[in-house]
Amino acid sequence: MQKSVPTSGSIATRPVRGRGRPRAFDREAALAQATRLFWLKGYEATSIADLTEAMGIGSPSLYAAYGSKEALYTEALQHYNETYEALVWGGFRSAGTAREAVLSYLMDSAAALTGSLADNPLGCMVTLAAVGGECRSELGIVMRSARAVTLERLEACLSKAVSEGELAGTTDTHALARFVQTVQSGMSILARDGVTRAELEGVAQVAMLRWDACT
């Protein structure tokens, strides 16, 4: 359709504006969506098409912003730790004794892993990554390092308890820390299978009975 040309004495038509710039790409919001998807499906089962749909961007934008699927997963893992870590580790850090710290860690895990505290995917993104077979090459190193943090924190807590006299000097802090880590990892897998918070809290209580027997 042709534009009408204003005649003498008529009111000039308002100039037609071009389309504005598209909304800027919200990198953090897109990363949050990618994190949730990786958490739900794992690395291998999540395709680039899945990611672009969830993040609301095209594949060229994904590669331009993050570099690769593997690099995006690494960033998603960091986002996961920064955003959700306190749900499991908050009580552990504020506890007055090693026993209280471990109990808080397991009980808070029972709540967080089952989605009882927020509308989050079930289980732990870090623990469940290995189940999907993602541990290989450089990404495998990243994942093993992420899981090693749990053991390091538990060992540090137990070593401090030994130095302060809460635990006996003969306590095998490495074995005890590994025991707690193994229990929590199992809880994560069970949570993904739909085991309830109450059941996992029961597991935590039984684990503490074993803690008392060992200490």
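**Ground rules**

I number residues from 1 along each chain as its sequence is written. The model is predicted, so I keep local features only at pLDDT of at least 70 and side-chain atom pairs only at pLDDT 80 or more, while totals for chains, interfaces and linings use all residues, and side-chain values use heavy atoms, without hydrogens and water.

**Overall fold**

I looked up the secondary structure and found 9 helices and 0 strands. Helices here are DSSP runs (H or I, at least four residues), strands are E runs of at least two, and both are numbered from the N terminus. From that end the elements run α-α-α-α-α-α-α-α-α. I then checked burial: 35% of the 215 residues count as buried. Buried means under 20% relative accessible area, exposed over 50%, and partly exposed in between (1.4 Å probe, protein chains only). Next came contacts, meaning heavy atoms within 4.5 Å. Of the contacts with a separation of 6 or more, 66% join residues 24 or more positions apart.

**Helix H1 against H2**

I took H1 (residues 27-41) and H2 (residues 48-55). Their axes lie 8 Å apart and the packing angle is about 135°. Axes are lines fitted to C-alpha atoms, for helices over the stretch in contact, with angles from 0 to 180 degrees between N-to-C directions. The pair is therefore oblique. The scale is: under 35 degrees roughly parallel, over 145 roughly antiparallel, 65 to 115 roughly perpendicular, the rest oblique. The crossing of H1 and H2 is right-handed, meaning that the near helix is turned clockwise from the far one by less than a right angle. H1 brings Ala-30, Gln-33, Ala-34, Leu-37, Phe-38 and Lys-41 to the contact, and H2 brings Asp-50, Leu-51, Ala-54 and Met-55. I sorted these residues into 7 nonpolar, 1 polar and 2 charged. For that sorting, Ala, Val, Leu, Ile, Met, Phe, Trp, Tyr, Cys and Pro are nonpolar, Asp, Glu, Lys and Arg are charged, and the others, Gly among them, are polar.

**Helix H5**

H5 (residues 98-113) has 16 residues and reaches 22 Å from first to last C-alpha, close to the 22 Å expected. The expected span is 1.5 Å times one less than the number of residues. I listed its buried residues, among them Val-102, Tyr-105, Leu-106, Ser-109 and Leu-113. Their cover includes H4 (69-94), H7 (137-163), H8 (173-192) and H9 (197-214). After H5 comes Gly-115, with a positive phi near 70°.

**H5 against H7**

The axes of H5 and H7 come within 9 Å and cross at roughly 155°. That makes H5 roughly antiparallel to H7. Here Ala-98, Ala-101 and Tyr-105 of H5 meet Thr-150, Leu-154, Cys-157, Leu-158 and Ala-161 of H7.

**Two residues of H8**

I picked Gln-184, which lies in H8. Gln-184 is buried, at 6% relative accessible area. Beyond four places in sequence, Gln-184 is in contact with Val-88, Tyr-105, Leu-106, Ser-109, Leu-113 and Thr-127. I also checked Leu-200: 16 residues from Gln-184 in sequence, and 9.3 Å in space, C-alpha to C-alpha.

Thr-173 also lies in H8. Thr-173 is buried too, at 15% relative accessible area. With neighbours within four places left aside, Thr-173 is in contact with Glu-155, Leu-158, Ser-159 and Val-162.
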